[in-house]
Amino acid sequence: MKTFAPFSKIHSPFRVSSNGFCLIFPYHIKKLNYFPSPLLEDKMAPRLDFSDWWAKDTRKGTPVVVKMENPNYSVVEIEGPDSAFRPEERTRGRKNAKQVTWVLLLKAHRAVGCLTWLATVFWSLLGSIKKRLSFTHPLGSERLGRDRWLFSAIKLFLALSLLILAFETVAYLRGCHYFENHIPTSTLEIQSLLHLVYVGWLGFRADYIAPLIKSLSKFCIVLFLIQSVDRLILCLGCFWIKYKKIKPRFDEEPYDAEGCGYVYPMVLVQIPMCNEREVYEQSISAVCQLDWPKDRILVQVLDDSNDESIQQLIKAEVAKWSQKGVNIIYRHRLVRTGYKAGNLKSAMSCDYVEAYEFVAIFDADFQPNPDFLKLTVPHFKDNPELGLVQARWTFVNKDENLLTRLQNINLCFHFEVEQQVSGVFLNFFGFNGTAGVWRIKALEESGGWLERTTVEDMDIAVRAHLHGWKFIYLNDVKVLCEVPESYEAYKKQQHRWHSGPMQLFRLCLGSILTSKIAIWKKANLILLFFLLRKLILPFYSFTLFCIILPLTMFVPEAELPVWVICYIPVFMSFLNLLPSPKSFPFIVPYLLFENTMSVTKFNAMVSGLFQLGSSYEWVVTKKAGRSSESDLLSITEKETLDKKSQLLRGVSDSELLELNQLEEQKQKKPVKKTNKIFHKELALAFLLLTAAVRSLLAAQGVHFYFLLFQGVTFLLVGLDLIGEQMS
């Protein structure tokens, strides 16, 4: 009797001897794989003879001998009694030499391709660095000035890191790294002077350095978690607003120009500018086309330019629109004191301003839509406590380069999440300085524009909030503008935006504590608005990721957990990207770039808090003058021809000569500056890369990759290889 059926009942193992016998033992199971036999066409070999084994009691451990006619077999484990007849398991686990060779060749090919790509990227990076260093003018580097203290501190950390890295590398090669987990207690274990010094260093860092770093890192981690919770709450508030479709509303026709109902209120529109050659024309053009009765609107062009050629260009643009019937005035200050705040304060002191109820403010690069006033001013009707209506910014050049894309992520979160949530639930947020409409009475009761800080917009917003005025934020009313395209311009803008709030906090803390507003509003102003979002955020971001993290590579006793440097930052970056979902491919560059910008924000925060010299620095952000509409150029050409035909009628020869000079000045392109080198970013790049090399000795995977990529990011930013590349 020759059958395969009894295999389903086998509960014992077998062993196959060289003579073709199979010994079966109790309580275990193996199987035979059957291969096609060349001698038998339709039958399987080997064959088993089970004629006598079934009657034996295998439970007692009696071995059973099965004779095999043709021992052509292989032995494979069986997990259960029925698995012997599963065809998919018959050939599992068998690989011949040719298959293994092909697999190894495929893996080797992939590895070579990866190494080639890395080598290409590294070689391109070195080429860019060499080109930047060779073509950068000696005067094209960053001027440190009174901010040299931070650069000196970073250089000190870098020098110590290089010294420790060199010492530990030598000790590692000499075998001293075996003392990392066991510090010798007897002199017999110490083999040389190097071992003695290394053991002393291990004890010193474990007893004195590690406790300090641990304490500071725990403090920063707590601040990090608090700020993360605040960010999460803001996102939940934004989701709630979208789910409930909450937004400010007003009557469809609140004003009546014919006199049957409420008449259009008097609106003053101000355009402060200073040497804005690239954008003055499109800004004035957009404001002069606002849809509002011409007898109830006045446009003030507040020019602080010190370049006479730019002054003449702006005067000509104002004259053009004045001839078209627009109520527009050109104002120029001889003495530019107080920067933008002084300019606005001077304009509000005019006698004719008393006839106006509201004032709309637009910076020189902003281009409001014609219906802007009809979407914002009606919110003031029947709402006497409302002092400000703020519109959202959108950016015409957000896709120009990587720097503008990363800025768009930050600003989208600021407008759609931070300001919208604060406006809906608190009726307060910081005025953005432009694209907003103020009730003039609220400005006057709050003390008007003050020149004490470089953030005059935030200053007036805080004082108005302390006087009980409410704010409204309109997320669906958008005004086109520009973001800086070069890292130099962006860095100067961020320095002003982060030093000014600390100046303001020092100046208005007493007023907040003594004001008559509710206690929870005071707590929101001090703890959330100023401390958490303006002071704590740049402090822990710079201290934790740019100082503590590289130091822990040299002090492993204070190593940061992976969730601090990886999981939570990635999750926070994910939340920041929610308002701009098209930017999700840039989540890694965004995370690295935000850590890179922390050095600028930390420096600005300290400068403003302790009144250092650079805290009062005001530099006008450089604009590119990009159009908001595809047909703007054709419209401009048509208007230029009309302007020439009108102005040339009845003009004298001297006036004609002046007009020709203005046209030449318009066509004259300003010479671009060269890219600069930023010392603090470069010093931090070398510090992080040094720490990355040290992490290789300790085989710290996540820490190494984070330090490597963060160091490369600092290097690219320090060499100004991000953003606009100037010739």
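Which residues form one aromatic cluster? They are Phe-428, Phe-429, Phe-431, Trp-438, Phe-471, Tyr-473, Phe-505, Phe-529 and Phe-530. Rings of Phe, Tyr and Trp (its six-membered ring) pair if their centres lie within 6.5 Å.

This is a predicted model, where local features need pLDDT of at least 70, side-chain atom pairs count only at pLDDT 80 or more, and totals for chains, interfaces and linings use all residues. Residues are numbered from 1 along each chain as its sequence is written, and side-chain values use heavy atoms, with hydrogens and water left out.

Start with the whole chain. It has 18 helices and 14 strands. Both are DSSP runs numbered from the N terminus: helices are H or I with at least four residues, strands are E with at least two. Of the 727 residues, 48% count as buried, meaning under 20% relative accessible area with a 1.4 Å probe, protein chains only. Take contacts between residues at least 6 apart in sequence: 78% of them join residues at least 24 apart. Contact here means heavy atoms within 4.5 Å.

Now the aromatic rings. The structure holds 27 aromatic pairs. One of them joins Tyr-487 and Phe-678, 5.0 Å centre to centre. Their planes stand 85° apart, so the pair is edge-to-face (over 60 degrees; under 30 is stacked, the rest tilted). Tyr-487 sits in helix 11 (residues 487–514). Phe-678 sits in the loop between helix 16 (653–667) and helix 17 (679–698). The two are 191 residues apart. Both Tyr-487 and Phe-678 are buried.

Phe-505 and Phe-530 make another pair, this one tilted, with 5.3 Å between centres and 45° between planes. Phe-505 lies in helix 11 and Phe-530 in helix 12, so the pair ties together parts 25 residues apart in sequence. Phe-505 and Phe-530 are both buried.

Follow helix 12 onward. Helix 12 (residues 519–554) meets helix 14 (residues 587–609), with axes that come within 8 Å and cross at roughly 130°. Axes are lines fitted to C-alpha atoms over the stretch in contact, and angles run from 0 to 180 degrees between N-to-C directions. The two helices are therefore oblique to each other: under 35 degrees is roughly parallel, over 145 roughly antiparallel, 65 to 115 roughly perpendicular, and the rest oblique.

Which residues make this contact? Helix 12 supplies residues including Lys-534, Leu-535 and Phe-539. Among those from helix 14 are Asn-595, Phe-602 and Met-605.

Technical notes:
Buried < 20%, exposed > 50% of the residue type's maximum accessible area, 1.4 Å probe, protein only.
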